[in-house]
Amino acid sequence: MDLSNYFQQVDEAANWLSGRVKIKPEIAVVLSGGLGDFADGLSDREEITSSDVPHFPRARAEGHSGKLLFGRHVGVPVVAMVGRFHFYEGHSPQAVVFPCFVLSKLGVKTLVTTNAVGGVNADFAPGDVMLVEDHINMMGMNPLIGLAIQRKTDQFTGLTNAYDGELRAIAEGVATKQGLPIKKGVYLATSGPSYETKAEIRAFRQMGADAVGMSTVPEIIAANFLGMRCLTFSCIANPAADLHAGTMNHAEVLSAMNSLAPKVVSLLRGVVEEIGKAEA
């Protein structure tokens, strides 16, 4: 991706979308594989295939359909990304976060993301939902390289509140109201697409990680750069390598996400409703 005209391409993509959808979203929800029911429940729904949007990358990961669904949940205007773009697909870091820049141009102020992860914390089990409090970036890249420097000011983005404290409090309140036990912890991201070795997991645990995955961190970095508030739910799909019996595979992740979907979708709906009330 040519970074010299990156922001021009952002404008072109945002203008293209503005001419095709009536909804002006305030909240963006990134849905991991298996969580599409959230988008199916939106009213006034407008569907866009993300690869039709100028300059958008093409989603190729299994379980990620690559759709943008605009609509309303209890009156709150949202856009749901059904599937996301990953560094391991061969996209540049800046291409991975291109949708964040475009959605910011459309007026999105809050980013809610989900992901499927391995449980590094031995107290976590498949089926648990973890509210991300912080992250460790082990992806070997930062999506702001070559972009932030194009600003005259505010080139260095603080991440001390990367996962907004007020939004986390809202999420905990919704989970309590719904009777959903929720874990809290630190998410560590690797580039993928290979799963981690047992030795790597032991090292990550010593670093303070509770869960490990292959996404999300680039989006959170970009969203903070853009002034968005961020909230992330990690779905524990399997035990990490040194806790896992037998060979790890993507089929078990997709199966676990399908089982988790009803409670995570309910949680997302409750959170979006409460954020909408708070920002009204």
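Biologist: Let's start with cysteine 235: is this residue buried or exposed?

Modeller: Cysteine 235 is buried, at a relative accessible area of 0%. Buried means under 20% relative accessible area, exposed means over 50%, and partly exposed lies in between (1.4 Å probe, protein chains only). Keep in mind that this is a predicted model, where local features need pLDDT of at least 70 and side-chain atom pairs count only at pLDDT 80 or more, while totals for chains, interfaces and linings use all residues. Residues are numbered from 1 along each chain as its sequence is written, and side-chain values use heavy atoms, with hydrogens and water left out.

Biologist: Thanks! How many disulfides does a search of the whole structure find?

Modeller: First the idea: a disulfide is a covalent bond between the sulfur atoms of two cysteines. The test is a pair of cysteine sulfur atoms within 2.5 Å. Searching the whole structure gives 0 disulfides. For cysteine 235, the nearest cysteine sulfur belongs to cysteine 230 and is 17 Å away.

Biologist: Which residues have the most contacts inside the largest nonpolar core?

Modeller: A nonpolar core is a set of buried Ala, Val, Leu, Ile, Met, Phe, Trp, Tyr and Cys residues joined through side-chain atoms within 4.5 Å. The largest one here has 52 residues, and Leu17, Leu68, Phe70 and Phe101 have the most contacts inside it. A second, separate core has 36 residues, including Ile27 and Leu267.

Biologist: Now the rings. How many aromatic pairs are there?

Modeller: Rings of Phe, Tyr and Trp (its six-membered ring) pair if their centres lie within 6.5 Å; planes under 30 degrees apart are stacked, over 60 edge-to-face, and the rest tilted. This structure holds 7 such pairs. In one of them, tyrosine 6 and phenylalanine 7 have ring centres 5.6 Å apart and planes at 75 degrees, so they are edge-to-face. Tyrosine 6 is buried at 0%, whereas phenylalanine 7 is partly exposed at 30%.

Biologist: What about phenylalanine 56 and phenylalanine 98?

Modeller: Their centres are 5.7 Å apart and their planes meet at 85 degrees, so this pair is edge-to-face. Both phenylalanine 56 and phenylalanine 98 are buried. Ring pairs also link residues into a cluster, among them Tyr6, Phe56, Phe98 and Phe225.
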